[in-house]
Amino acid sequence: MKLNGNFQITGWDEHTTQENDNGSKQSTAVVAQTYTGDLKGNSTIHYVMSYQSPQSAVFVGYETIECTIDNKAGTLVLQHQGKFDNGVASSNSTVVENSGTDACMGITGNGNFTAPMGGTAEYEFILEY
């Protein structure tokens with residue numbers, strides 16, 4: 001099943017954990033999002049980020065999505081691996097095995113997103129029940 005839509009970041013709480021003399025740094029962030037489109041719901045993501053400069057970073061994280069797919073509600077956990085480059089974040093994600101609850105039990109698959117800084121992000125998921 002292919003799902004497409006948008007999400008909007010509704011909260012961003014980032015804390016620097018280490019700063020280096022060359023301008024690079026590491027940080028953690030807790031991010032809240034609202035999804036619309038084929039998947040509807042809200043999520044919380046915990047990111048760990050490594051900035052090479054203010055315009056360039058790589059990140060990993062786990063996202064818990066409380067969602068509705070085809071009028072069925074449940075929860076999924078995604079594992080992210082992504083990058084931020086010149087104002088655009090992008091990530092590939094995989095559904096964490098056995099993470100689904102309720103109507104999302106047994107879902108597997110992956111997804112991706114592209115998110116311009118300050119704008120609405122586009123997502124695509126390829127999921128299987």
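Which residues do ring pairs link into a cluster? The points below start from that question; note that the model is predicted.

1. Aromatic cluster. The residues that ring pairs join into a cluster are Phe7, Tyr35, Phe113, Tyr123 and Phe125. Within the model the count of aromatic pairs comes to seven.

2. The pair Tyr47 and Phe59. The ring centres of Tyr47 and Phe59 are 4.8 Å apart and the planes stand at 65°, so this pair is edge-to-face; the cut-off for that class is over 60 degrees. Tyr47 belongs to strand β3 and Phe59 to strand β4, so the contact ties together parts that are 12 residues apart in sequence. Tyr47 has 5% relative accessibility and counts as buried. Phe59, at 7% relative accessibility, is buried too.

3. The pair Tyr123 and Phe125. Here the ring centres of Tyr123 and Phe125 lie 5.2 Å apart with the planes at 40°, so the pair is classed as tilted. Tyr123 and Phe125 are both buried.

4. Nonpolar core. The largest nonpolar core holds 28 residues, and those touching the most other members are Leu39, Tyr47, Ile69, Phe113, Tyr123, Phe125 and Leu127. Two or more residues of this core come from each of β1 (2-19), β2 (25-37), β3 (39-53), β4 (56-69), β5 (72-85), β6 (88-95), β8 (108-116) and β9 (121-128).

5. Surroundings of Phe125. With neighbours within four places in sequence set aside, Phe125 is in contact with Met1, Lys2, Leu3, Tyr35, Leu39, Ile65, Leu78, Ser93, Asn110 and Gly111. Among these, Leu39 is also listed with the core residues that touch the most other members, and Tyr35 is also in the ring cluster.

6. Salt bridge. Side chains of opposite charge can pair when their charged atoms come close. How many salt bridges does the count give? The count comes to one salt bridge. Glu124 forms a salt bridge with Lys2, and the closest N and O atoms are 3.5 Å apart. Glu124 sits in strand β9 and Lys2 in strand β1, so the pair ties together parts that are 122 residues apart in sequence. Glu124 is partly exposed, with 24% relative accessibility. Lys2 counts as exposed, its relative accessible area being 51%; the cut-off for exposed is over 50%.

7. Charge over a ring. Lys25 is placed over the face of Tyr51, at 4.9 Å from the ring centre.

8. β4 with β5. These two strands, β4 and β5, pair in the antiparallel sense over 14 bridges.

9. β5 with β6. The pairing of β5 and β6 is antiparallel, over eight bridges. Gln79 stands opposite Thr94 in β6. In the hairpin of β5 and β6, two residues lie between the strands, and Asn86 has a positive phi near 50°.

10. β5 with β7. Strand β7 (residues 101-102) pairs with β5 in the antiparallel sense over two bridges. Opposite Gly74 stands Asp102 in β7.

Terms used:
Residues are numbered from 1 along each chain as its sequence is written. This is a predicted model: local features need pLDDT of at least 70, side-chain atom pairs count only at pLDDT 80 or more; totals for chains, interfaces and linings use all residues. Side-chain values use heavy atoms; hydrogens and water are left out. A nonpolar core is a set of buried Ala, Val, Leu, Ile, Met, Phe, Trp, Tyr and Cys residues joined through side-chain atoms within 4.5 Å. Buried means under 20% relative accessible area, exposed over 50%, partly exposed in between (1.4 Å probe, protein chains only). Helices (H or I, at least four residues) and strands (E, at least two) are DSSP runs, numbered from the N terminus. Contact means heavy atoms within 4.5 Å. Rings of Phe, Tyr and Trp (its six-membered ring) pair if their centres lie within 6.5 Å; planes under 30 degrees apart count as stacked, over 60 as edge-to-face and the rest as tilted. A charge sits over a ring if NZ of Lys or CZ of Arg is within 6 Å of the ring centre and within 35 degrees of the ring normal. A salt bridge is a side-chain nitrogen of Lys or Arg within 4 Å of a carboxyl oxygen of Asp or Glu. Two strands pair if DSSP finds at least two bridges between them.
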